[in-house]
Amino acid sequence: MKQHFQTMVKQHQNRVYTLAVYMLRDHAEAEDITQETYIKLWQRLEKTNEEVSRAWLLQVARNGCIDRIRKRRRLTNEVPEIEDHRGPAFQMEQDQLGKWLKDSIANLGEPYRSLIVLRDIQQYSYNEIAEMLEISLSQVKVYLFRARQQLRTKLPKAETA
Amino acid sequence: MNDTTDNNQQPFEDAIEELLAGELDESSADRLKQAAATDQELASAIVDAWTLRKSLDELELEQVSPALEKRLLDIPSKQKTTSKWSSWFNFSNWQTGSGWALSSALAMSLILAIGVSRQPDQSEILQARQDIQLALTYLGKSLNQADQLTRDELSMQVHKILTTRPDNPNTQTDARIQDEPERIDQL
C-alpha cells in the first residue's frame, strides 16, 4: 500500500501542485493543499485499500483550494492581489504573453479557471474533467468555451495583429 | 448564465478548436477557411484562438520542490506515528478494561507523587486515605476487567509501591497515617 501511495505521489504531485498554484496564486498555500490532498489519499487508502484515480486527487485538491479562497474572501472581503513569491515556472518565463496569460487565468472565476488548467495546461480529456468537477460533458464544453472566450477578449491587441 | 446563447456559438467555437488541434476533417476545415476569408470576425476569432492555444501550449506544469516531495513521500510513516500516539489518548479506549487499569494507575501515581513532594498535614492525610481507598476500589474494578497480563503487571507494581520501598518517604507517612487516629482518639 505504501508503495502504491508513493507511486501516486511521483506520478501526480506536479499536476496537483500546478492546479493549486493556478488557483491560489501562492506557492506556500499550494504546497499546503498538495500535502493535505495526499494525506487524505493515504487515509483513504488505509481505510479502503482501493485504487484512487488521479481525478479524485485533483477533485480533492480543487475543493481544498476553493475552501481557502472562500476563507480569504471572508477575511479580506476582496479579491486578493497576485502573490509575489511565485515558483520557478513563473520566475523563469521570458515571454510577456505567458506572464499575462498566467495572470489572466488566475483572475478567472470558477469553474473557468479549473477548466483551463485541467484541459489546456494539464491536457485532461473532457470526460475526466467532467468526473473531476462533477458536471456534465456538455457543461464542460460550454464552460470551457466561456473560459477561453474570456481569455481571448483580454488578449493583448499587439499579439493578435 | 445563459447556456442557450453559448450553445448557439459553440459549434463555431468547437470548429475553431478542432481546426487548431488538427482534428477537423478536411472538408470542414476548407469550409471554415473559406468563411474566414470573407468574415473578418471569424478570421479574428481564429487568430485569437491560435494565439491563445500557442500560449497555453507553452505553459508548463509547476514542479514540486524536493522538500515537498520528501514530505509527501513521508506521509505514510508520519501518519502511522501520529495514530499510535493518538490512540493512547483516545477516550473511547478508556471504556475498556485496559483503560480502567491505566486510570487507576494514574490516580495512584498522583497520590504517591503528592506524598513524595512534602510531609502532609492532618486534613491531607485524611484526604489521602480516602483517595487511596477510592483508587483501590478502581483498581479492584480494573483487575476484574483487565486482561491477565495487565492484572499481573498492576499487581506487581502496586505490591512494589506499597510494600517494598523502605527508603520511600511514603513509608514513614504510611506509618504516621496509622498512628494519627490513635493520637486523635487520645485527645
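# Briefing: a predicted model of chains A and B

The largest nonpolar core has 48 residues, and those with the most contacts inside it are A:Leu19, A:Ala20, A:Ala61, A:Leu115, A:Ile116 and A:Ala147. Helix α1 of chain A supplies the largest share of this core, namely ten residues. The structure is a predicted model, with an ipTM of 0.74 and a pTM of 0.56.

- The buried residues of α6(A) include A:Tyr112, A:Arg113, A:Asp120 and A:Ile121.
- A:Leu115 and A:Ile116, two of the residues with the most contacts inside the core, are also among the buried residues of α6(A).
- Leaving aside residues up to four places away in sequence, A:Leu115 touches A:Ile129, A:Val140, A:Tyr143, A:Leu144 and A:Ala147.
- After α6(A) comes A:Gln123, whose phi is positive, near 60°.

**A residue of helix α1 of chain A**

- A:His4 is found in helix α1 of chain A.
- A:His4 counts as exposed because it has 12 C-beta neighbours inside 10 Å, and a residue is exposed if that number is 12 or fewer.
- A:His4 and A:Leu45 are 41 residues apart in sequence, while their C-alpha atoms are 9.2 Å apart in space.

**Where chain A touches chain B**

- In the model, 35 residues of chain A are in contact with 27 residues of chain B.
- On the side of chain A that touches chain B, the elements giving two or more residues are α1, α2, α4, α5, α6, α8 and α9 of chain A.
- Of these, α1(A) gives the most, with ten residues.
- By class, this side of chain A has 16 nonpolar, nine polar and ten charged residues.

**Confidence in chain B**

- Chain B averages a pLDDT of 65, and 45% of the residues score at least 70.
- Within chain B, confidence is highest in helix α4 (residues 66–73), at a mean of 94, and lowest in helix α9 (residues 169–186), at 37.
- Over residues 84–100 of chain B the pLDDT is below 50, and this stretch has 15 contacts in the model beyond near neighbours in sequence.
- Residues 165–187 of chain B also stay under 50 in pLDDT, and the model has twelve contacts for them beyond four places in sequence.
- Where pLDDT is low, the predicted coordinates should not be read in detail.

Conventions: Residues are numbered from 1 along each chain as its sequence is written. Chains are lettered from A and ligands numbered from 1 in the order in which they are written. This is a predicted model: local features need pLDDT of at least 70, side-chain atom pairs count only at pLDDT 80 or more; totals for chains, interfaces and linings use all residues. A residue is buried if 20 or more other C-beta atoms lie within 10 Å of its own, exposed if 12 or fewer, and partly exposed in between; C-beta atoms are placed from the backbone. Helices (H or I, at least four residues) and strands (E, at least two) are DSSP runs, numbered from the N terminus. pLDDT is the predictor's confidence in each residue, from 0 to 100. Two residues are in contact if their C-beta atoms, placed from the backbone, lie within 7 Å. Ala, Val, Leu, Ile, Met, Phe, Trp, Tyr, Cys and Pro count as nonpolar, Asp, Glu, Lys and Arg as charged, and the others, Gly among them, as polar. A nonpolar core is a set of buried Ala, Val, Leu, Ile, Met, Phe, Trp, Tyr and Cys residues joined through C-beta atoms within 7 Å.
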